Amino acid sequence: MTTALGIEGAVRSAQEYIEKNQKTVAIAAGATTAALVTAYAWQRVANYVPAKGKYPVGTLPADAFEAIIVGAGPSGSVCGHYLAKKGVKVALLDKEKFPRDKYCGDAVCTPAIRILEDMGVLKELVDNNEAHFADAGGFVSPDGTSYIGASKQKLGQAACCALKRINLDVRVARCAQRSGATFKEGFEVVSATFDKAAGLWTVASASGEKVLGRVLVIADGATSKLATKLGYCTEAPRGVCSRAFVEGGTHNTNFDGVCFYPKWSLPGYAAIFRHPNDELNYCYYLIPCGNKPGQCGEVNEADLARLHNDAIKNDPFISAALGPNAKLERMRAAALRLGGQGLTTTFDDHMLIIGDAAGHIDPLTGEGIHTAMMGGRAAAETIIDMRNTGDFSKQSCKAYSRRWYKAYGHDFFMSQKMAEVIHRYPILLDAMASEMQRKGDVMMSKWAEVMTNMQPKTYFLQPHVAVPLGIAILREFLAQKVFGKPDRYQLKKSI
Ligand SMILES: Cc1cc2nc3c(=O)[nH]c(=O)nc-3n(C[C@H](O)[C@H](O)[C@H](O)COP(=O)(O)OP(=O)(O)OC[C@H]3O[C@@H](n4cnc5c(N)ncnc54)[C@H](O)[C@@H]3O)c2cc1C
């Protein structure tokens, strides 16, 4: 009875309030509706894709291609394959003759494994013993807390796979070729000019050969000379990474993949991945963090050789994994362009930029093979749509940017923030490693899922992950600051 009276009272006072403030309520309701309608209309206009354009299939000159892809790395070749498979007339150009090496950590994440499976390339790699699926793996935190577990069983699949780029890239490129792409090797692109009236690109090689095409796909890697020349890329890449293969049978490593986070190079890290035949790939990633150009936390590109070489002898964990007799190749290094750094756009009239050329590398992990492949497929889907409508305008090309953002781009902001947080608060990684030691492979698998892009970084914010992690951070803080937990990550000799 009391409750009923209470509810009646509340309804009455609400009615009275509305009657008294009828005009204000009406204005607020009207403004909200107008805002919603405007937002909806704006969204419709912004995402509008013309249904018909000037260039249906029959308008293509006989000597021209519907798409020209510059660069036959994972992004370009995947794009070429998915286009050719749908009957699109496509030219895939690369300055190198394949097989060719590419400096890389060779850790290929699940989304890329799925694409390779779909293309039929994974089977080829496995049948030729060129793939090693990671199971035993983990990481060493900045204070030397380590966990190495097995993730395959918990995840129902390997979170990543080690594939040498000299094998991977040629197989993906040849697959595109088999699907119908015209693959021109040794074709170093030196210029690309767009004839707006004809709706055609002319792409020229260093030797003077010319290729005509309706759409240009720029896939020439992190230093993208073409995107720079055309004005879409305005900065040099800010990240860098080393690589050295280690001869099988000369090292002490018994795991498949481990990341090492020495505190002096955070948010960068070193990684060791096992290939078939017991060979290893040892890499040192310097991840951009800070406001100055080239700044990667407390270090920069000039420090890479010192960090890479010193860790082999003096890092307590890396030197133990490699052992005293490890036979390493000379250090190689290449640039990392992360999180879209330096790009003004990834699309324009009759033009798309994909993979490293677009800066599509995760800003926390430095991994970009899977994003290159997903971006390549997104570009192919967009070109196929445009071919159907005959419209290749900037507005139609924009659909590609929505696709890559939805597939992986939405994660870049969080990755960047996480890199900054790890740089400032290494204790977060210590807490994560301690939590893995407590909870075992369940926690380790969650980490692996996020670091290999099976889950977005926001996964760490979900209550079932964030709450235990919050408690672990508190526990770690007490362990380090109150109970004096020893720091086990000290160099044997100072660098
Ligand atoms: C040392 C290092 C370690 C890395 N480790 C990992 C890792 O473990 N896992 C991971 O996922 N990612 C890693 N990455 C990132 C990964 O290598 C890239 O994200 C990936 O190669 C991007 O593919 P892409 O096709 O966009 O570019 P690329 O693989 O760079 O291919 C570009 C192609 O364009 C061609 N090209 C360039 N210029 C021209 C021209 N003018 N004309 C014609 N062709 C041209 C090149 O010959 C090349 O074949 C690492 C990168 C580095 C540098």
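**Notes on the predicted model**

1. Let me begin with a hairpin. Strands E9 (residues 189–195) and E10 (residues 200–205) run antiparallel and are joined by six bridges. If you want a pair to start from, Val189 has Ser205 in E10 as its bridge partner. At the turn, four residues lie between the strands, and Gly199 in this hairpin adopts a positive phi near 65°. Please keep in mind throughout that this is a predicted model.

2. Next, have a look at the open sheet. Three strands make it up, in the order E3-E7-E4, with antiparallel pairing. Strand E3 (107–109) and strand E4 (131–133) are the edge strands, each pairing on one side only. On average, neighbouring strands of this sheet are turned by 30° against each other, direction ignored.

3. What packs on this sheet? Helix H4 (residues 110–119) does, and it touches E3, E4 and E7. The direction of H4 makes about 80° with that of E3.

4. A handy landmark is Phe133, which stands opposite Cys161 in E7.

5. A residue I would like you to inspect is His308, in helix H9 (residues 304–314). Is His308 buried or exposed? His308 counts as buried because its relative accessible area is 1%, against a cut-off of under 20%. Leaving aside residues up to four places away in sequence, His308 touches Ser242, Arg243, Ala244, Tyr282, Tyr284 and Met331.

6. On the domain level, the chain is divided into domain 1 (54–106 + 164–236 + 337–407), domain 2 (238–335) and domain 3 (421–482).

7. Finally, how do domain 2 and domain 3 meet? Their C-alpha centres lie 23 Å apart, and six residues of domain 2 are in contact with six residues of domain 3. The size of an interface is often given as the accessible area lost when the parts come together. Here domain 2 and domain 3 bury about 480 Å² between them, with 77% of it on carbon and sulfur atoms. How many salt bridges are counted between domain 2 and domain 3? The count is zero.

Key: Residues are numbered from 1 along each chain as its sequence is written. This is a predicted model: local features need pLDDT of at least 70, side-chain atom pairs count only at pLDDT 80 or more; totals for chains, interfaces and linings use all residues. Side-chain values use heavy atoms; hydrogens and water are left out. Two strands pair if DSSP finds at least two bridges between them. Helices (H or I, at least four residues) and strands (E, at least two) are DSSP runs, numbered from the N terminus. Axes are lines fitted to C-alpha atoms, for helices over the stretch in contact, and angles run from 0 to 180 degrees between N-to-C directions. Contact means heavy atoms within 4.5 Å. Buried means under 20% relative accessible area, exposed over 50%, partly exposed in between (1.4 Å probe, protein chains only). Domain bounds come from an automatic or database domain assignment. Buried area is the accessible area (1.4 Å probe) that two parts lose on being put together, summed over both. A salt bridge is a side-chain nitrogen of Lys or Arg within 4 Å of a carboxyl oxygen of Asp or Glu.
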